[in-house]
Every structure is written in structure tokens, then in C-alpha cells.
Protein chains: 2
Amino acid sequence: MKIEILKENLKKGLAIVEKIVGKNLSLPILDNVFINTEDSFLNLSSTDLETAIRFWVLAKIVKKGKVVVPAKLFSGVVSSLPDEKIIIEEKNQGLFVECKNFKNQIQGFNPEEFPIIPEFKDTEFLEVDGKRFCQGLTQVVDVASFSQSRPEISGIYFIFSKNTIKIVATDSFRLAEKTIILDKPIKKDTSFILPQKPTKEIINILGDKDGNIKIHFSPNQTMFESLMEEAPGGHPHPQVQIFSRLVDGEYPNYEEIIPKKFKTQVVLKRDEFLNQIRTASLFTGKVNEIKIKVKPQSKEVEVFAQDPDIGESQSSILAKIEGEPIEAAFNYKFLIDGLQNIKSSEVIFDLSKEDGPCILKPMGDASYLYVVMPIKSA
Amino acid sequence: MKIEILKENLKKGLAIVEKIVGKNLSLPILDNVFINTEDSFLNLSSTDLETAIRFWVLAKIVKKGKVVVPAKLFSGVVSSLPDEKIIIEEKNQGLFVECKNFKNQIQGFNPEEFPIIPEFKDTEFLEVDGKRFCQGLTQVVDVASFSQSRPEISGIYFIFSKNTIKIVATDSFRLAEKTIILDKPIKKDTSFILPQKPTKEIINILGDKDGNIKIHFSPNQTMFESLMEEAPGGHPHPQVQIFSRLVDGEYPNYEEIIPKKFKTQVVLKRDEFLNQIRTASLFTGKVNEIKIKVKPQSKEVEVFAQDPDIGESQSSILAKIEGEPIEAAFNYKFLIDGLQNIKSSEVIFDLSKEDGPCILKPMGDASYLYVVMPIKSA
């Protein structure tokens with residue numbers, strides 16, 4: 001293999017594929033990037049066996065071939081080179097990297113040892129606007145949390161039905177649901193559970209790209225793909241593909257726990273409420289408990305926290321209130337997470353009873369809701 | 001105690017005094033800030049027994065008094081309050097902090113338990129331009145390193161003589177020396193060793209302040225002081241004071257190890273050289289060893305590193321060279337540290353013999369030098 005490539009392009013590709021490369025002591029081959037030539041492209045691949053990434057970079061292919069080298073080292077070397085044309089050449093499993101007055105030689109590995117990354121050919125897929133999709137994922141992804149006993153809720157649940165995608169996550173204390181409307185309806189309804197880590201990589205890698213994302217799926221795998229903005233000859237060509245295995249198991253019937261009726265509905269300013277919760281959080285002990293008191297008569301919501309060793313904090317915020325007075329205790333972290341996922345300046349807070357699930361949602365946007373359980377009073 | 005104060009002013013003061021406050025398990029009183037009233041100021045103090053900080057904030061004193069409260073908590077509460085006037089009131093060792101629709105109460109401690117911070121009255125002092133002084137400290141401070149067996153070299157050595165301050169640090173592998181010229185000569189020559197941590201605090205706290213710093217000293221303590229930019233009534237008033245104990249012991253006669261003669265002098269571009277060393281560093285093993293080869297004939301310096309498991313890196317940089325060909329091995333980290341302390345675009349690199357000390361210094365600035373020992377060849 002021998003190729004010529006611009007430093008900036010190669011650096012960009014390596015920065016993406018190395019995201020999932022760590023120090024894998026039991027399987028050191030996974031610390032590497034698989035590099036091979038494809039037509040007028042250099043293809044970079046990495047995998048941690050759960051997620052795999054493939055990235056294509058335009059290059060001048062002098063001689064075809066493939067090579068496997070440590071990803072962090074190769075990326076570090078390329079980053080430190082001048083902004084010039086780089087010549088990369090494979091010799092006896094080693095990679096020679098030359099640029100201007102730099103000559104580097106990186107020890108490589110046998111390409112046959114690198115895990116095979118699955119191909120998606122003629123599989124079903126649908127298309128969605130990348131930025132809108134990733135923004136939706138961001139509002140949901142952090143709510144999931146690793147669970148040994150219930151692996152299905154460690155992942156993010158995707159439901160594709162007619163012209164909508166629903167994205168759901170829960171850790172059993174709270175739940176977030178985002179609905180995205182598609183431009184054209186899906187051919188066949190489906191659903192799957194994607195692990196949290198690849199979901200985060202999708203946001204990281206595809207979140208700021210213009211254009212559509214193609215979502216391919218097979219019974220136990222999925223692949224998210226974005227195309228090159230300017231491919232040679234105008235033929236569409238993938239820029240990046242993110243593969244992930246799916247989580248086995250059935251997602252709980254989450255819609256059951258979303259309350260439909262409320263005792264009290266509150267509308268308040270998001271930033272002010274968030275700030276008051278943060279202040280109160282300084283006065284909570286180990287249970288992270290703060291109290292929310294809704295007072296329809298004085299049209300205010302009080303935020304209160306107390307710990308005998310620390311002191312106490314009390315603040316109030318004016319609110320539009322419909323319904324009865326109510327008081328409930330929450331883990332402040334769960335309220336902060338929910339409010340941070342909401343971007344509107346006003347937020348709707350629906351409370352049912354002291355120990356029943358409550359809902360936070362953006363004002364004027366029915367596409368997102370965040371269900372949170374109060375802390376039961378002792 | 002009862003006072004009125006602007007949030008921003010109080011927040012700024014707390015941010016400074018809390019810098020030296022950590023979690024002190026054996027002496028929890030040190031987690032606190034000591035707050036007392038002085039004329040029309042609120043004075044905030046903190047100490048970790050090695051360093052102490054005092055900061056003055058303009059306030060409306062309704063009732064005099066003093067109080068001791070957890071520094072991080074108080075700072076957190078103040079930061080989270082709206083940008084308004086805050087009312088602070090002490091009641092039974094507790095502190096009430098009120099602002100707009102916030103009411104907080106912080107549990108405090110007995111002010112008598114707080115360590116006494118020494119006063120410097122009528123002690124000797126000298127004045128130096130704050131920015132110039134702190135910039136000099138920055139070029140030296142990180143070279144010192146903690147040494148149980150030789151505590152004197154853990155600190156930064158200050159030599160005040162005639163119209164100069166010399167600032168020196170070493171870890172026995174390398175040494176940095178900065179000379180600052182004063183506007184007027186010092187009354188009496190002196191020298192002391194300041195621990196590294198307070199030296200860093202001086203840079204952090206006083207580094208971006210305009211105007212002079214006053215350096216007070218007594219036989220075993222020192223205090224660095226900057227004045228308020230606008231004190232009430234135009235009377236000079238301290239803004240911040242940083243106290244530190246001094247390190248016992250005699251600093252080694254460091255001038256002996258600064259070589260006076262060289263075999264070879266090299267002048268090269270700092271950024272390019274730094275970049276080549278960083279690239280080579282990726283190919284070093286555990287000893288961090290890179291080789292520098294000076295080649296007068298081809299007017300270039302070669303940077304080389306090799307590790308059988310990783311590969312090798314070779315690069316070259318054009319240089320002005322006077323003297324003989326020479327080759328020496330260095331810990332790349334020491335070269336990077338030295339080059340980073342030099343801000344000029346060209347750097348002078350003096351090499352004597354393969355295992356003798358070398359010097360890095362800025363081009364056209366005799367006030368700084370960085371001595372570095374090569375790694376002895378096996």
C-alpha cells in the first residue's frame with residue numbers, strides 16, 4: 001500500500017475512528033485502526049466489538065493494500081506533522097509516514113487478525129434529518145443507566161411507526177421520551193434497543209453534520225450512515241458509518257407509567273427554577289432530597305432543602321398554577337437533568353400526588369416529556 | 001454582624017480565598033472562611049497553615065462582627081444567587097444569606113477556633129511590577145519538585161540583591177533562573193526559599209493585576225500584597241495579601257552547575273523544534289529518551305527516537321550552528337518544559353559534551369536560562 005493524502009483530511013478521519021479505541025488489555029488488536037484502500041479513498045475502521053466505525057477519506061492511491069496500526073499513536077503522529085501532503089507506505093506490516101522533513105515508521109499488526117466489520121447491503125433503511133435526530137437523542141440518552149439485572153433498560157429504545165420515531169430512555173426513577181416527525185412515512189414499523197455508548201457516539205460524530213442520516217437495520221444490528229458532502233464524480237458515497245449491535249430483550253411497556261391526569265399544573269421560568277434547585281442542592285445531605293411546595297394562593301412555588309449539619313435554603317419563584325396545593329420531595333439531580341434537557345424558556349411541571357410520577361415538559365412543544373418519580377416520604 | 005454587599009464583589013473575593021481550601025479531615029476548621037468587618041470592608045481569610053490569604057471587599061457594615069463558615073458552601077451559595085445586593089447576618093454562629101427571593105442559612109463555627117493569620121507591620125518590604133514578576137515566576141515555578149530528602153529544592157529560591165531579583169528552581173535534572181531588574185535598588189540584600197504551592201497561588205491571584213506588588217518579609221515568613229485600584233477616600237488599602245511560611249535550609253550553590261563554556265551553539269525555531277520533539281516523544285519507551293544530533297556540515301539538527309515495539313521517528317530542522325558536531329540524549333519532557341518557558345520565536349541551545357549540562361535560552365533576552373542534563377548513555 002502506498003498513498004498520498006492531505007494531513008487535515010487524515011487527521012479528521014482518525015479523530016473520529018479513534019473515539020471508540022481504548023486500551024484493550026485482553027484483545028490488543030482493538031487498540032488499532034484498520035486502514036485499507038477503496039477506489040480513490042482511504043478507509044479507516046475501528047471497533048470495540050459492540051460499536052464499529054468506518055470513515056472514508058479522499059486520497060491518491062499509488063498502490064493498493066491494507067495495514068493495521070495503533071490508532072492513538074498513528075493519530076498522534078499525524079496531528080504533529082506539518083499541514084502538508086503526507087505519504088503513507090506499508091512495508092512488512094509496518095507503516096512509513098513521511099511528510100516534509102519528518103520520517104516516521106510505526107510497527108503494525110497482521111490485518112487478518114482485525115475483527116470483520118459487518119456489511120449492510122440491501123438491508124432496510126430509513127432517512128432522517130441528522131441534526132434534528134441527534135438533538136432528540138441528546139435530550140434522552142443520559143437518562144438510561146447501566147443495569148446488570150435489566151440490560152434492556154440500559155439501552156435507548158427506538159420505535160419507528162408510520163411517520164414518527166420515538167426515542168425513549170429510563171433508569172426506573174425517571175423516563176424521557178422524544179418524538180420526531182419524519183418527512184415521509186416508514187415502509188414497515190419496527191423497534192430496537194440501542195446500547196447507550198454507541199448512541200453517544202452517533203451524537204458526537206453525526207450531531208453537527210448537515211443533511212440526512214440513513215438508519216439501516218437488521219434483526220440484531222444497526223448502522224447509522226452519513227454521506228460525503230462532495231463525493232468525486234457526484235456519486236453519493238458514505239462519509240462515515242457507525243455500526244452497533246442491538247440489546248437483546250423486550251423494552252418495558254413504558255407508556256403505562258406516563259401519568260395522564262394531574263392534580264396540579266405549574267408553568268414557571270426554566271432558568272430561574274434551575275438556579276433555585278441548584279442553590280437548594282448545596283443544602284442536601286446524602287439522599288439529595290429537595291422539597292417542592294406549590295402554593296396556588298400566593299401563585300408561587302417554593303424550593304426548600306435542609307440538613308442539620310449544613311443549614312437550610314429556601315427560595316420561591318412566581319408561577320402560573322392550576323389545581324390544588326401540593327408538596328413533593330425529589331432527588332435534585334433528576335430535576336436538574338430534566339430541566340437541562342428542556343430548551344424552552346418556560347417549562348410545564350405536572351404534579352399528581354405526593355408519591356406519584358410527575359412530568360416536566362417544554363412550553364409549546366409536545367415532542368418531549370420527562371417523567372420523574374418523587375422521593376417517598378419516610 | 002450584619003452587612004450589605006454586592007453579589008459580584010463577594011463572589012470574586014470568595015473565589016480567591018477558597019483557592020487554598022480543600023477537604024481537611026484532620027483539621028476541619030481549615031475548610032472554612034473567616035469573615036470579619038473592618039471599617040467599611042468585609043475581610044475574608046483562609047489558610048492551609050502553610051499559605052494564608054486575606055481579601056478585602058467593600059461593603060456596607062450595618063453591624064460589626066465576625067463569623068466562620070464552610071468556604072466552598074458559602075461560595076457556592078453566593079454564586080447561585082441573583083446579581084443583586086446580598087444581606088449577610090450572623091446569628092448564633094450561623095450565617096443568614098438573603099437576596100431577593102432566596103433565604104439561606106449556613107451552619108457556622110466558633111471564630112475563636114480559626115487559626116490566627118500573622119500580621120506584617122513595619123516589616124521590610126520592596127515593590128515590584130506585578131505582571132513582570134508573575135510572568136517571571138511562571139517561567140520557573142514548575143521546575144521545582146517535591147523532595148522529601150532535600151526539602152530546600154522543593155521550593156523556589158528568591159535572591160534580592162542591589163537592583164535585581166533572581167528566581168531559581170531545580171529538581172536536580174534541570175534548573176531555571178529568571179532575573180528581574182527593579183526600578184530602584186533594594187535597601188538590604190536578602191534571600192529566601194518559598195514553597196512551590198504558595199508561589200503558584202501568587203501567580204494565580206496576582207498574575208493579571210496591574211500595578212505593583214509589595215513583598216514583605218521576616219526571617220521565616222513572607223507576604224505578597226496588592227493594593228485596591230480604587231479605595232474609598234483615596235487612601236491606599238490592601239486588596240489581597242498572600243502569606244507563606246518559608247522553607248528552612250540552605251539553597252545549593254546552583255551557579256556552579258551552570259556551564260560557562262560550550263562545545264556547540266545552536267539557534268533554531270522554537271515552535272518547529274517543539275513540534276519535532278513532540279512527534280519523537282510518541283516513539284519513546286519508558287525512559288522518555290530522544291536523541292538530538294547537531295550536524296554543522298548540513299546545518300541541521302536531527303531529532304530521533306526509537307522503540308522496538310512502537311517504531312521510530314526521525315525529523316530535522318534547519319539551524320544556525322557554531323562549533324563541533326555533537327549528539328546527546330534527553331528526557332523529552334525536560335526539553336518540552338524548557339522550550340515552553342521560552343516565549344521568543346528563536347531559541348539558543350548550548351551543548352557542551354554528551355553528558356554535561358546544556359542550556360536553552362530565549363534569543364535576545366539574557367534574563368532567562370534553563371539548564372538541562374542529558375541522559376547518560378548506557
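## First stop: a pair of strands

Select Asn36(A) and look across to S6(A), where Lys66(A) stands opposite. Strand S2 (residues 32-38) of chain A and S6(A) run antiparallel and are joined by five bridges. Strands count as a pair here if DSSP finds at least two bridges between them. The labels follow DSSP too: helices are H or I runs of at least four residues, strands are E runs of at least two, and both are numbered from the N terminus.

A word on what you're looking at: this is a predicted model, where local features need pLDDT of at least 70, side-chain atom pairs count only at pLDDT 80 or more, and totals for chains, interfaces and linings use all residues. Residues are numbered from 1 along each chain as its sequence is written, while chains are lettered from A and ligands numbered from 1 in the order in which they are written.

## Widen to the sheet

Now colour the whole sheet that holds this pair. In chain A, eight strands make an open sheet in the order S6-S2-S3-S4-S17-S16-S15-S10, with antiparallel pairing. Strand S6 (66-70) and strand S10 (124-129) of chain A are the edges, each pairing on one side only. On average, neighbouring strands of this sheet are turned by 20° against each other, direction ignored.

Two residues are in contact if their C-beta atoms, placed from the backbone, lie within 7 Å.

Then show helix H4 (residues 196-206) of chain A. H4(A) lies across strand S4 (51-58), strand S15 (212-218), strand S16 (221-227) and strand S17 (238-245) of chain A, and runs at about 170° to S17(A).

## A helix with a buried side

Go to helix H1 (residues 7-17) of chain A and pick out Leu10(A), Gly13(A), Leu14(A), Ile16(A) and Val17(A), which are buried. They sit on the same side of H1(A), because they cover an arc of only 160° around the axis. That arc is taken from the directions from the helix axis to the C-beta atoms. As a rule, an α-helix has 3.6 residues a turn, so residues three or four places apart point the same way.

"Buried" means that 20 or more other C-beta atoms lie within 10 Å of a residue's own; 12 or fewer makes it exposed, anything in between partly exposed, with C-beta atoms placed from the backbone.

Where does Lys100(A) sit? Look in the loop between strand S8 (94-99) and S9 of chain A. Lys100(A) has a positive phi of about 50° although it is not a glycine. Lys100(A) is partly exposed, with 14 other C-beta atoms within 10 Å.

Asp307(A) is the next click, in strand S20 (residues 300-307) of chain A. With 16 other C-beta atoms within 10 Å, Asp307(A) is partly exposed. Leaving aside its neighbours within four places in sequence, Asp307(A) is in contact with Phe283(A), Thr284(A) and Gly285(A). Leu282(A) is 25 residues away from Asp307(A) in sequence, and the two are 9.6 Å apart in space, C-alpha to C-alpha.

## Over to chain B

Which strand of chain B is joined to S9(A)? Select strand S21 (residues 311-318) of chain B: five bridges join the two, which run antiparallel. Within that pairing, Phe102(A) stands opposite Ser315(B).

Finally, a rotation of 180° with 0.0 Å of shift along its axis superposes chain A on chain B (RMSD 0.0 Å). That is the relation of a two-fold axis.

How values were computed: Copies are superposed by least squares on the C-alpha atoms of residues with pLDDT of at least 70 in both. Axes are lines fitted to C-alpha atoms, for helices over the stretch in contact, and angles run from 0 to 180 degrees between N-to-C directions.
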